[in-house]
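Biologist: I'd like to learn how to read a model like this one, feature by feature. Could you walk me through it?

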Amino acid sequence: MMPFKHIRRQSLFKGMSSIGLILLLFAGCEEPGVVGGAFIDDEGNLVTNEFPVKEMTPTSSVSYSGRLDVVPMGHYTDPLFGEVTSIGLIRPDLNSVNLNRIDSTEQVGLKLVFNGTEYGDTLSTAFFDVYEVAEPWRGRQLRYGDDISFDRNKKIGSFSIAEADTAVIPMPEDWIFQYNGFISDTTGATDSTYVFDMPGLAIVPDVSRSEKMVFLDLGTDASGVVESETTRLFSEDTTGTFQYQRMADWGAAVQRDPSAIQPQTSYKAMNTFESFQKVDYEFTRESLVSQNLARVEMIFYEDTQLLEQSLPGSHVRPAVTQANIHIVDEGDVGEEVFAGSPVFTASRDTAINGFRFNLTSTANLFLFDTLQTHNYYLTVESNNGLLQQTVLHGPESSDESKRPHIIVTAIE
Amino acid sequence: MIVGFMGLGLMALLGNPSTTWAQNDDTPVAKSGSIYSYPGFGMPVDVIGATTVTTGLSGIGMYDPTTSNLSNPGVWALYRYSVGSFQFGLTNHHAEDSFGSAENSLFSLDQFHFVAPLIKGRLGLSVSLSPMTRSNFRLYQEGTFTAGPDNITFGIDEQGAGGMSRFEVGLGYRITRGLSVGAAIGSYVTSLDNETFIYFSSLRYTPVAFSESFRGSDLGARFGLFYRTQPKEDRAYDVELGATFQPSIEMELERSKEGFKSIGGQTQLVNLDIDQRNQFGLIKTAPELAVGGTMTWNRATMITAEWMQQQWEEARFELDTDEEAMYSNRTKVGVGVQYHPFRRVTKNGFFHNMKYALGFSHDTGHLTISGNDIVTNKLVLGLGLPGRRSTSSVDFTFTVGSRGTELDNLPVETIWGVGVSLNLAEIMFVRPKFQ
């Protein structure tokens, strides 16, 4: 081995090591970019597959029409969904905090607040007469199609709704007198007699003059708390002080004439459950392409042509913004879809005028676990009192692109 | 210091065999290499003997008693004392094509090799750990697809790490004064891990993440032949010639694919290959024949030339026949020169105590894409520091090169790297008094 100067060798080694380390650190940064597209074809591994929904079976149920979010009232002849007449039913409460015995000097009125939604001819005026109901009723027991009688001899008043969203009806003295008898009773046994002796008020549309439905807002929020500016019975004393009484019960007696258009290859979906659909679809290993799913969705398209053509220019229907799929394997289907929670929900996609359900998790259940056979029911919105209705293309639709189908996106 | 450093390196290498075998590096940076390592079971990694590491050549036709030579089993017979080497380095790849550019860096533990003479100068034992192929890449692609009413843009971010490694034991035997042969048997292990993330432009689509693993192992062998002229007083040069042959290796590769999926509302890690389609596939490496020679003048100047042929058209990758179809026969030629002035000039001096080297190689590559060979050209500059009290040394290499072609929108990679080879000699059989 050659002799050499020790100090120089060490310095050189350190120098070289330092340079190497600096180079390593400098080169250690990465900036992955888009390269290699000409020979790497991962896109080919992303595969889509479409297969149809096998069948839609119309189903109907007589659901509840009382104690819902809103009270439909009015009359409208819908060429597609039939002539609808709805009588609003309300019964003022007895024991609200602010309204004590009504003094004879006080002015008493019924203030009706509507939510602004219209169903029918928006340019028309809806006319209503308010009568005393002639038979006892309970909101929780009212169903669509129920007919509640009222006493035409006990008319409280009349009002009309054009564009305004409130109406005030002065209450007659004899009604106030009778009502006073119940709120001044301190025996605590007035509730049942009040329901029988003073069943409430029927807000009856003038069918001959009305081509519009409006929706009474009871003003309860999700927690059930009554908002201050809402439908109420109020009194005003001579000093200008207001007191109010909320509604103890409410509902609607809705009658629908079924003589309307019956689409051949489209299906009606109504939030009243007068019409909804049992949906049959089936996953197979082949239809799902692979076990590496990116998305599986089921799409239903609205028959917008039928919906639009069946309405004159100034007429509207309450919008349907959400569709649901319920699983009901046993029990009463109508009760289950009314009270149960949907397993899938889909907001209306305005780009396609349809509803897109994400079934990916369920498809994975089929692939990796045991997916039991279920009965699936397609509904729209919830039974909230708004008459929300739409028509969906079915598997036999003449427009093949609008038939309900399932789209699978998978990585092979 | 060199010995200590090397010892630590060996401990790190052997103490974490899984890292070595899988060629994976979980550090957040410096773990991606050439994008052309994407197809199949990776890009071939050539054995670079420590003898010629400073030129970037394999060293098939060169023997140096102070540095190990992993490339030719025939050389192992000649060592008179034990030698070992440990190589590592960092390579930067800047790739560009008409779609974009990418910057990737790969820190790699390249090889460990140890040779011990069982009969000095006649029979030698070799133990080594080295990569056969390496797949370290990160790529990002974008595209669109139509799903029902939607046109969705997606991005695929795919990272891969791994390759084929071998743990090899071999013997070299000198038949005559100038001719020696060698053979080695190795355990070849393939371990590839790819992770893929797919993003979608539509919020309806949740990102998809999954991983693929490929595992396989088998035994393989390789053979070497080495000849050198005997030194003569009146001759200023010596000649060394070598040849190696490696038959192809076949192994069954098992693929597993896993990912997190929402199943009935709960997120679970599931096997995405439960139907066992494509779960097993054969891979076959390319048989390799290589020859090389070195001419040495005055003991200090060495010129090396090499030629290697790998028959990649015989290689198989059953799990993806599209990628297999890219394989094409590979030819690599190289030439290098080394100058070790301290061997000839007996004077003290800073620059006389170093090794100098320069090498160039041209590689037609193992891939032909759209009719284009993926050619690699490399220029390597080497600098070596022999130890003060022993024949051990540390060699540094600086590499620049390019890979690929601009034709057909293929990416061109600019390569540069730094490497270190720790060469250990005289640690077991030679007592200090002999030095």
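Modeller: Gladly, and keep in mind that this is a predicted model.

Biologist: What is the phi of A:V289?

Modeller: First the general idea: most residues other than glycine have a negative phi. A:V289 has a positive value, near 70 degrees, and is not a glycine.

Biologist: Which loop holds B:D408, and what is the phi there?

Modeller: B:D408 sits in the loop between β21 (393–404) and β22 (412–425) of chain B. Its phi is positive too, about 55 degrees, although B:D408 is not a glycine. With 13 C-beta neighbours inside 10 Å, B:D408 is partly exposed.

Biologist: Now the interior. How do I read a nonpolar core?

Modeller: In soluble globular proteins, nonpolar side chains tend to be buried together. Here the largest nonpolar core has 72 residues, and A:L378 and B:I35 touch the most other members. Strand β16 (residues 293–301) of chain A gives this core its largest share, seven residues. A second, separate core has 47 residues, including A:V71 and A:M213.

Biologist: Which residues does A:L378 touch, leaving aside those up to four places away in sequence?

Modeller: Among them are A:F276, A:V279, A:F300 and A:I325, and also A:Q277.

Biologist: And chain A as a whole? How many helices and strands does chain A have?

Modeller: Chain A has six helices and 23 strands. Of its 412 residues, 41% are buried. Looking at contacts in chain A between residues at least 6 apart in sequence, you find that 83% join residues at least 24 apart.

Biologist: Which domains are assigned in chain A?

Modeller: Domain 1 covers 5–61 + 272–411, and domain 2 covers 70–257. Between these domains of chain A, 15 residues of domain 1 are in contact with 18 residues of domain 2. On the domain 1 side, β17 (315–316) and β22 (389–393) of chain A each supply at least two residues.

Biologist: What classes of residue make up that side of domain 1?

Modeller: The side of domain 1 that touches domain 2 in chain A has six nonpolar, seven polar and two charged residues.

Technical notes
Residues numbered from 1 in each chain as written. Chains lettered and ligands numbered in written order. Predicted model: local features only at pLDDT ≥ 70, side-chain atom pairs only at ≥ 80, totals over all residues. Core = buried A, V, L, I, M, F, W, Y, C linked by C-beta atoms within 7 Å. Buried ≥ 20, exposed ≤ 12 C-beta atoms within 10 Å, placed from the backbone. Helix = DSSP H or I, 4+ residues; strand = E, 2+ residues; numbered from the N terminus. Contact = placed C-beta atoms within 7 Å. Domains from an automatic or database assignment. Nonpolar A, V, L, I, M, F, W, Y, C, P; charged D, E, K, R; others polar.
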